[in-house]
Amino acid sequence: MSEQILMPYINSENIDNRQKAQESLDKAKIAHEKYLMGQKKTDLHTAIEYYVDAVKYDPTIPESYYRLATLMWEEGQISINSAIEQCKTAISLSPQNFNAHIYTGYFMQLAQDFKSAEKEFKSAIKLKGINSGRPRMILSQSILQKINSEKGSFKDYAAFLYYFLTGSVMLSWDKAFLKMFYKTLSNDFSIFSYNTAGQFFENFKMYQSAQTVYEKAAKNTHNDELFYTKLGDLALKVKDFDKTADCYRRVLDANPLNREILVRLATILQTYYPENTQEAIDCYERLLEFDIDTAQIYYELGHLYMSKDDKINSISAFKLAVERDEENPFYNNSLGYAYARAELYDDAIEHYQKAISINPDPEWTSIVCQALGSIYASNKGNIEAAVSTYQAGIILDPNNYDLHIALGDVYMADYDLDSAIRSYCDAVTLCPEDPKAYSKVGIALWEKDYLEEALVAYHKAVELEPDNAFSQNNLGILYLDGLSDAMEALEYFETAIDLNPNYTLAYFNAGRASQQMGFTNDAAHYYQMAIDLNKVTDELDEFDIQSRLHSLFEIEE
């Protein structure tokens, strides 16, 4: 609602409108009281809406103006001067309204117009007489503020003592004050009791009992924000993540500006509900309104957008994070990755290099080197740069197994077999129980015509990972093409087919082995399967398979 002065306007004395205005005013006062007790923003907004409705239905009710002015000013929707004008409107409608003078004086005091404020408070005191405890106390505080901000006279000090002492005495029979004081005290005692009981049960790990206490507290007190927070924290402790998220959502319903809960909910959603990306994004976008840790928030948003495969927004978020913290290696690395995902490789290289130059940790930086080397090798075709980058990563972390493998792959792509074998062997030395390096060195050794060494490497790969169809097939190739042992080779091809029934190359190789052993029907079956699968996979030259299949029938004739 824009800043404005809610002035009364002429309306027909319609009984229905008066009833609606009174109903809205009653609802506003209930929400207003709940807000004062629990400080929930939702109650504040509800109260403002009902006060506005009351003014619309009947603009002659003074109470609506000064109460609305208080809440609108607290919410930052109007200035102090506008609040004063609204309170003056209430006085013009009802000059004998005790509260209208108090509220007007209060805002004048905030504006440091102490003389005018004192006049309004004294008007309220005159109207209430012996029941003027509240305006006397407020007036004493206004005089004290005046003394602190200006040079107070002896008369000012005397006036402060007079109004403070007389107000303190008169408050003892102020029914409105006592009623609110009793409600506040009762609510505070309830909160204390529930909180103490729940904490007791938590300390003794009686989590179900603690949950029951907190649920009752959320229902029976005006501080459900506090107790839903406790319920969410308790559910997180027992790993009930659904309940945790639900309770944190209830806290945010009560107070959408609870920054701590927004952070917790976003973290829970990111960690345990990766499919619920949009809600986590909404949490972080609301956190941006606080203008705190914005770089970190943009960083988290970038990862969330990336998980949605939203390349443009992920780049934008990471860029905003880097703009706010240019020397953060993790932000630069993530921006580099986002650019790589979007195939903007030059930009990716720039930010990967920036992250590497900062080098916060050798182990982490070696992984960035691997990502950068991959771009040089696969996307830029710069083998020399790829090798240099991988080697730099290995210097940073000599135990990075994947870097040794990646360096071997680059050498293989460049057909530098000796270097490739050395890199794969280094990887084997680092992780002798990982089959990947044995498979790769097996291929390099086979290309180098080191058949026996290649057989040893592939047997080890199969031994470590017997369910790997590719290793089974490649070991079969060594027996078939290297040792001309079709029978032994066929066993490995058939095992590969059992592991992967859609493995086109394994069917083709099984056909070759069967053909070599003279098993014509079996060979025809395998070749036909290879032809059928190749229509989908397009792995092989179909003409070659067809030729081999036809040659079977020519031999047979």
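**Helices side by side**

Start with helix H21 (residues 401–413) and H23, which pack at an angle of about 20° with their axes 11 Å apart. Axes here are lines fitted to C-alpha atoms, for helices over the stretch in contact, and angles run from 0 to 180 degrees between N-to-C directions. Helices (H or I, at least four residues) and strands (E, at least two) are DSSP runs, numbered from the N terminus.

Before going on, a word on the model: it is predicted, so local features need pLDDT of at least 70 and side-chain atom pairs count only at pLDDT 80 or more, while totals for chains, interfaces and linings use all residues. Residues are numbered from 1 along each chain as its sequence is written, and side-chain values use heavy atoms, with hydrogens and water left out.

Back to our pair: H21 and H23 are therefore roughly parallel to each other (angles under 35 degrees count as roughly parallel, over 145 as roughly antiparallel, 65 to 115 as roughly perpendicular and the rest as oblique). Their crossing is left-handed, meaning the near helix is turned anticlockwise from the far one by less than a right angle; clockwise would be right-handed. On the H21 side, Tyr401, Asp402, Ile405, Asp409 and Met412 meet Lys436, Ala437, Lys440, Ile443, Ala444 and Glu447 in H23, where contact means heavy atoms within 4.5 Å. The residues of this H21 and H23 contact divide into six nonpolar, no polar and five charged (Ala, Val, Leu, Ile, Met, Phe, Trp, Tyr, Cys and Pro count as nonpolar, Asp, Glu, Lys and Arg as charged, and the others, Gly among them, as polar).

Now follow H23 to another partner. The axes of helix H23 (residues 435–447) and helix H25 (residues 469–482) come within 11 Å and cross at roughly 20°. That makes H23 roughly parallel to H25, and this crossing is left-handed. Ser439, Ile443 and Trp446 in H23 touch Ser471, Asn474, Leu478, Asp481 and Gly482 in H25. Sorted by class, the contact of H23 with H25 has three nonpolar, four polar and one charged.

Next, jump to helix H3 (residues 62–74) and helix H5 (residues 98–110), packed at an angle of about 30° with axes 9 Å apart. H3 and H5 are therefore roughly parallel to each other. Tyr66, Ala69, Thr70 and Trp73 of H3 make the contact with Asn99, Ala100, Tyr103, Tyr106, Phe107 and Leu110 of H5. That contact of H3 with H5 has eight nonpolar, two polar and no charged residues.

Finally, what lines the second largest pocket? There are 14 lining residues, of which Asn333, Tyr337, Tyr352, Ile367 and Ala371 lie nearest its centre. H19 gives the most to this lining, with seven residues.

Conventions
1 Å grid on protein atoms, 1.4 Å probe; cavity = no way out; pocket = protein on both sides within 12 Å on 5 of 7 lines; lining within 4 Å.
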